[in-house]
Amino acid sequence: MERIKPKPTLGVPYESCRAYNLSWSPKCKRDKARAAAWRQLEDPAGRRALFQSEWCAVVDEVPAKLDHIARYWDLAATEKTEFNDPDWTVGIKLGRDRNGGYWLFDMVRQRANPGDIERLLLDTAMQDGKRVRIGFGQDPGQAGKSQAQHLVRTLSGFTVEPARETGDKLTRFGPFSSQCRAGNVKIRQGCWNEELFRVLEGFPDLAHDDEVDACSGALEMLNPAMKAWGLFEYYRREAEKLKAERETAVERPKTRYAIGSMEWFAEHKKSNEQSTDG
């Protein structure tokens, strides 16, 4: 399925919209297809197996009513200079419908100092609205805890959920990759699509994989793991067993027929026959 050419999205703090539109020239598409085919021949079970843009339909609009919407941030706080190549701060906005399908609304990313990153998170939260839950990765240790508390205060008025990321990147990306492979993820078209596809398809070989972590975190926010699941399941089964025993123990009330009805005569006839036989 051929992807729809995305249109520029106004108000997105992303600097490569023009470059992205130019990337849809026929020559550039041929080069990309040739490079993708070569990668598959070179490593058929490698990075192309984790994500392929063809798995996700690109749509013009997303449903107005979704059960849950979250934006997850993979945080970094280093400005870009001519002497460095820092990570990106990336925010992925993901929603889930009642049928278990996922809709990727938007991607925001920036390289900036901590103060500018805080403003980016706050401005984006105000644009998204209070309905959208906000999450971000919390680094282990006291420094990560202090940063999380500071960001929660900065985003006062919004639902904020710091998350301690556990497991390696490949393991955490597995559920998102599986949903995409099954065709359960649809992506709204925008000038950020090509960069998102480039990073997801290139993972884990690229130097920066911040979009990968943001997608993994957004999906985890929409599917939180229940604590003490084993205990919950035990009590659920015990409750069902007790309910079944009570239903069996309760006797059905005896049916009483109207006097003179056919059923009443049949019942009395049967009762008289039993007493005579006895």
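A salt bridge is a side-chain nitrogen of Lys or Arg within 4 Å of a carboxyl oxygen of Asp or Glu. In this predicted model, D128 and R71 meet that definition, because their closest N and O atoms are 2.6 Å apart. The pair links distant parts of the chain. D128 belongs to helix α3 (residues 114-128), and R71 to strand β2. The two residues are 57 residues apart. Both D128 and R71 are buried. They also take part in a network of salt bridges that links R71, K93, D106 and D128.

A search of the whole structure finds 14 salt bridges. Another of these joins R98 and D67. Here the closest N and O atoms are 3.4 Å apart. R98 sits in the loop between β3 (89-96) and β4 (102-110). D67 sits in the loop between β1 (57-59) and β2 (68-74). The pair therefore ties together parts that are 31 residues apart in sequence. R98 is exposed, with a relative accessible area of 76%. D67 is partly exposed, at 38% relative accessibility.

D116 has a relative accessible area of 24%. Buried means under 20% and exposed means over 50%, so D116 counts as partly exposed.

How values were computed:
Residues numbered from 1 in each chain as written. Predicted model: local features only at pLDDT ≥ 70, side-chain atom pairs only at ≥ 80, totals over all residues. Heavy atoms only, no water. Helix = DSSP H or I, 4+ residues; strand = E, 2+ residues; numbered from the N terminus. Buried < 20%, exposed > 50% of the residue type's maximum accessible area, 1.4 Å probe, protein only.
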